[in-house]
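Hello,

I am passing a structure on to you, with some notes on what turned up in it. Please have a look at it first and then read on.

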Amino acid sequence: MDVRLEGVTVDGILRGIDLHARDHEVHGIVGPNGSGKSTTLRCVYRALRPSGGVVLLGGRDVAAGKVRDTAEHLAALTQDSHVEFDFTVTEVVAMGRLPHRTTPGHDAEVVAGALSRVDAAHLAHRGFLTLSGGERQRVLIARALAQQPRVLVLDEPTNHLDISHQLAVLSLVRGLGVTVLAVLHDLNLAAAYCDRLHVLDGGRVVRSGTPEEVLTPEVLHEVFDVRAHVVRHPTSGVPQLLFDHRESTA
């Protein structure tokens, strides 16, 4: 299912975002702090109504349908996905089944499978509030997977994860065969796992394209105010960034 943003505006934050993620593609949204990345995703998963423009999911305006209808196709992992009550891990992941009308037995199979896919099956009976930050993040990703979406929206999915689980989660997401929009701060991970990247700055998309087209020394200096060398990974061939050390001016 494709996702298209046409002229999406949020007063004071976004200034006409145009973006198109085709079916099954993994798209990364990158940019400096305050550039509008999370706000863009909030417009996609309907937490925020744009003041202008339209978000299309499979060619249909998401704002025109019921929230439950959207949830049957789209799952989101947000920065503010808080669970304040001491549900078990299984209960938290089972919340991803709420948009669907299926049998309890089938739901239990889906939940167990989602936990296994994020290496968290051993946490099934733990209280969610007893988990570490990284364990909680994996459980919340499992909740999104349990929703069985055709579109997955991820806001900093590798937050709190050690490097092993960062790579495992992004490999999993890459192999799901669904359309993915993900905000990522690690540009090297974005280059390794995304088909296309969109660079936001000042509430606008200033560059879109493949990682090779977008992650150039010129763009990195212009948008992030850093100097970097772009090299090829010796195994995968994807671009990797080597940043120059910045001297303190204090």
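Glu 6 is partly exposed, with 36% relative accessible area (buried is under 20%, exposed over 50%, partly exposed in between; 1.4 Å probe, protein chains only). Its salt-bridge partner is Arg 4, and the closest N and O atoms of the two are 3.9 Å apart (a salt bridge puts a side-chain nitrogen of Lys or Arg within 4 Å of a carboxyl oxygen of Asp or Glu). Arg 4 is partly exposed as well, with a relative accessible area of 30%.

Before going further, please note that this is a predicted model: local features need pLDDT of at least 70, side-chain atom pairs count only at pLDDT 80 or more, and totals for chains, interfaces and linings use all residues. Residues are numbered from 1 along each chain as its sequence is written, and side-chain values use heavy atoms, with hydrogens and water left out.

How many salt bridges does the structure hold? There are 7 salt bridges in the structure, and the pair of Arg 4 and Glu 6 is one of them. Another joins Arg 126 to Glu 135, with 4.0 Å from N to O. In that pair, Arg 126 is partly exposed at 31% relative accessibility, whereas Glu 135 is buried, with a relative accessible area of 18%.

A further salt bridge brings together Asp 195 and Arg 174, at 2.9 Å from N to O. This pair links distant parts of the chain, 21 residues apart: Arg 174 belongs to helix α6 (residues 163-174), while Asp 195 sits in the loop between α7 (187-193) and β9 (196-201). (Helices, H or I of at least four residues, and strands, E of at least two, are DSSP runs numbered from the N terminus.) Asp 195 is partly exposed, at 28% relative accessibility, and so is Arg 174, with a relative accessible area of 39%.

You will meet Arg 174 again in the cavity, where Arg 174 is one of the lining residues. A search of the whole structure finds 1 cavity of 30 Å³ or more (on a 1 Å grid over the protein atoms alone, a cavity is a set of points where a 1.4 Å probe fits but cannot get out, and lining residues have an atom within 4 Å of a point). About 50 Å³ of space lies in the largest cavity (grid points are joined across faces, edges and corners, and a volume is the space filled by probe spheres set on the points). Besides Arg 174, the lining includes Val 26, Leu 170, Val 173, Val 180 and Tyr 193. By type, the cavity lining divides into 8 nonpolar, no polar and 1 charged (Ala, Val, Leu, Ile, Met, Phe, Trp, Tyr, Cys and Pro count as nonpolar, Asp, Glu, Lys and Arg as charged, the others as polar).

Now to the open space. The largest pocket has a volume of about 430 Å³ (a pocket is an open set with protein on both sides within 12 Å along at least five of seven lines). Of the 19 residues that line the largest pocket, the closest to its centre are Ala 71, Leu 74, Ala 75, Ala 76 and Gln 147. The elements giving two or more residues to this lining are α2 (67-71), β6 and α5. β6 supplies the largest share, 4 residues. The pocket lining divides into 12 nonpolar, 5 polar and 2 charged residues.

β6 also takes us to the sheet. What is the order of the strands in the open sheet? Its 6 strands run β6-β7-β8-β3-β9-β10, with mixed pairing (two strands pair if DSSP finds at least two bridges between them). At the edges are β6 (74-77) and β10 (204-209), each pairing on one side only. β6 pairs with strand β7 (residues 151-155) in the parallel sense over 4 bridges, and Leu 77 has Leu 154 in β7 as its bridge partner.

In strand β9 of this sheet you will find Leu 200. Leu 200 is buried, with a relative accessible area of 1%.

Two backbone details are left. Most residues other than glycine have a negative phi. His 24, in the loop between β2 (14-21) and β3 (26-30), has a positive phi of about 75°. Asp 119 has a positive phi too, near 60°. Asp 119 lies in the loop between α4 (104-117) and α5 (133-146) and is partly exposed, with a relative accessible area of 44%.
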